[in-house]
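Please read the points in order, with the model open alongside.

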Amino acid sequence: MAKCVLHIGGHEHILGMVFNRKTEVEQKEMMTSKIERRVCPHALSGQLFWLCAVTYVIALFGRMSYSSVMVALIADGSMNKAQAGLIGTALFIVYGICQIFSGLIGDRISPKKMVFTGLMGSGMLNLLMGLTGQYTVMLVLWSCNGIFQSLLWSPVARIFAEQMPPDTRKQACSNVAVTYPLATVLTYLMATVMLSVWGWRSIFFLSAGIILSAGFYWLYRMTWFEQQIAQSTEVETISLHPQPQQKKDSLLHMMLVSGILLAAFASMTHGMLRDGIQTWLPSLMTDNFHFGTAASVALDIIVPLVNIFGVVITKAIAKRYIENELKGSAGFFAVTIVSLVLLGFACNRSAVVSLLLLTVASTCMVGVNILLVNLIPVHFGAIGRSSSVTGILNCSAYVGSALSSFGIGAIAEGFGWSSAIWIWVLFSLGAWMTAIAGTRRWGYYERRLDG
């Protein structure tokens with residue numbers, strides 16, 4: 001803009017400076033966009049949280065039912081470790097790939113419909129798993145189960161990021177982390193009882209009945225919540241500060257500049273350890289310390305029970321000491337590395353020490369799960385990308401689960417459990433390094449999102 005100069009009484013009044021300042025203010029206002037949306041009333045937010053949390057726990061029955069009876073299938077000669085691991089791997093691979101797509105469509109499709117579809121499909125496939133006993137058929141069915149299971153977490157994360165009141169979101173995302181260990185405890189408790197009474201098929205039948213019933217209740221209850229939110233007087237106003245390109249960024253560019261790509265490797269390793277420890281603990285105890293099948297499955301309950309307390313501990317640590325989720329994850333991986341190194345020397349010597357060290361590593365992964373998969377996506381709710389980021393990080397986690405489910409079983413069978421544990425150590429070291437590398441980048445991008 002040209003400078004306009006006015007001479008009055010020998011003094012120059014540079015009006016152009018005033019005009020320029022005004023223009024800058026106007027441009028800043030134009031660049032700052034505001035979004036208004038209705039959110040769940042505070043009086044109902046607790047009920048919405050419990051609906052999502054309980055539904056997700058029940059949905060996890062449909063994913064964990066197989067791993068809870070896997071040791072029984074191996075023990076009765078139905079399949080060997082590698083074959084049993086391949087069925088679990090098939091679910092994780094399909095689930096992981098589909099997580100990307102479900103995350104992308106989850107930002108556009110009603111969470112109510114996505115979760116209902118996932119519950120119905122997973123419930124029916126669990127029913128079919130109980131009816132068959134053929135290895136090939138089970139492999140196909142469990143692969144398909146990965147598709148329907150992938151429709152569950154991303155829409156729940158979107159509900160927390162966009163429909164819960166702003167001041168309750170982080171708390172909801174932290175608290176929901178208890179669903180995974182709680183579902184594990186309940187599934188393995190059912191398996192411990194039912195394996196000794198009715199056999200492995202009964203686990204699939206019971207899971208199917210509970211999941212299908214939960215699906216219809218979810219549809220009814222979420223319809224009611226949608227009506228309450230539509231009539232809500234609580235409105236959230238989001239101001240996207242002068243970084244308009246945020247919303248126009250491609251998903252790949254956003255992942256690069258925010259550090260999400262680095263977080264993805266850490267998330268992958270967390271999935272490898274979280275599901276790997278839970279899946280293979282019964283086999284490790286059976287092979288190295290000659291535990292019986294039922295005893296090994298019962299022992300597997302101890303880890304998720306401690307993990308529940310791990311959620312409480314992680315929330316307390318995060319509230320007081322962790323401002324950067326990637327930096328906090330690096331701290332949890334550091335403790336995990338120490339635990340796994342010690343486990344590498346103890347896994348053939350002491351059942352108690354092995355169980356203790358595995359529990360420490362698993363509990364650390366609860367902390368990583370809260371920080372990476374639960375809390376990081378919340379920041380992206382302001383730009384409508386919470387479901388997409390959730391899908392990417394959850395996909396990464398289940399790529400790790402797939403690698404651990406098949407790879408660890410094959411390594412343990414071919415080279416022993418010590419070799420399998422040292423593989424975990426190497427991946428944990430890589431996750432620690434990538435988390436450290438992404439800390440600064442994520443910290444800067446997080447401040448941009450949060451204004």
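Does Ser 267 count as buried or exposed, and at what relative accessibility?

1. Ser 267 counts as buried because its relative accessibility is 0%, where buried means under 20% relative accessible area, exposed over 50%, and partly exposed in between (1.4 Å probe, protein chains only). The model is a predicted one, in which local features need pLDDT of at least 70 and side-chain atom pairs count only at pLDDT 80 or more, while totals for chains, interfaces and linings use all residues. Residues are numbered from 1 along each chain as its sequence is written, and side-chain values use heavy atoms, with hydrogens and water left out.

2. Ser 267 belongs to helix 12, which covers residues 260-289; helices (H or I, at least four residues) and strands (E, at least two) are DSSP runs numbered from the N terminus. Leaving aside residues up to four places away in sequence, Ser 267 touches Leu 372, Val 373, Leu 393, Ser 396 and Ala 397, a contact being heavy atoms within 4.5 Å.

3. For the chain as a whole, the secondary structure comes to 18 helices and 4 strands, and buried residues make up 56% of its 451 residues. Among contacts with a separation of 6 or more, 84% join residues 24 or more positions apart.

4. Of the 16 residues that line the largest cavity, the closest to its centre are Arg 63, Met 64, Ser 67, Phe 92 and Thr 279. A cavity is a set of points on a 1 Å grid over the protein atoms alone where a 1.4 Å probe fits but cannot get out, and lining residues have an atom within 4 Å of a point; grid points are joined across faces, edges and corners, and a volume is the space filled by probe spheres set on the points.

5. Helix 2 (42-75), helix 3, helix 8 (179-197) and helix 12 each supply at least two residues of that lining, with the largest share, 5 residues, coming from helix 2. Helix 3 (residues 81-106) also holds Ile 105, which is partly exposed because its relative accessible area is 36%.

6. Lys 113, in helix 4 (residues 111-131), is exposed, with a relative accessible area of 52%. The C-alpha atoms of Lys 113 and Pro 155 are separated by 9.2 Å, although these residues are 42 residues apart along the chain.

Technical notes. 1 Å grid on protein atoms, 1.4 Å probe; cavity = no way out; pocket = protein on both sides within 12 Å on 5 of 7 lines; lining within 4 Å.
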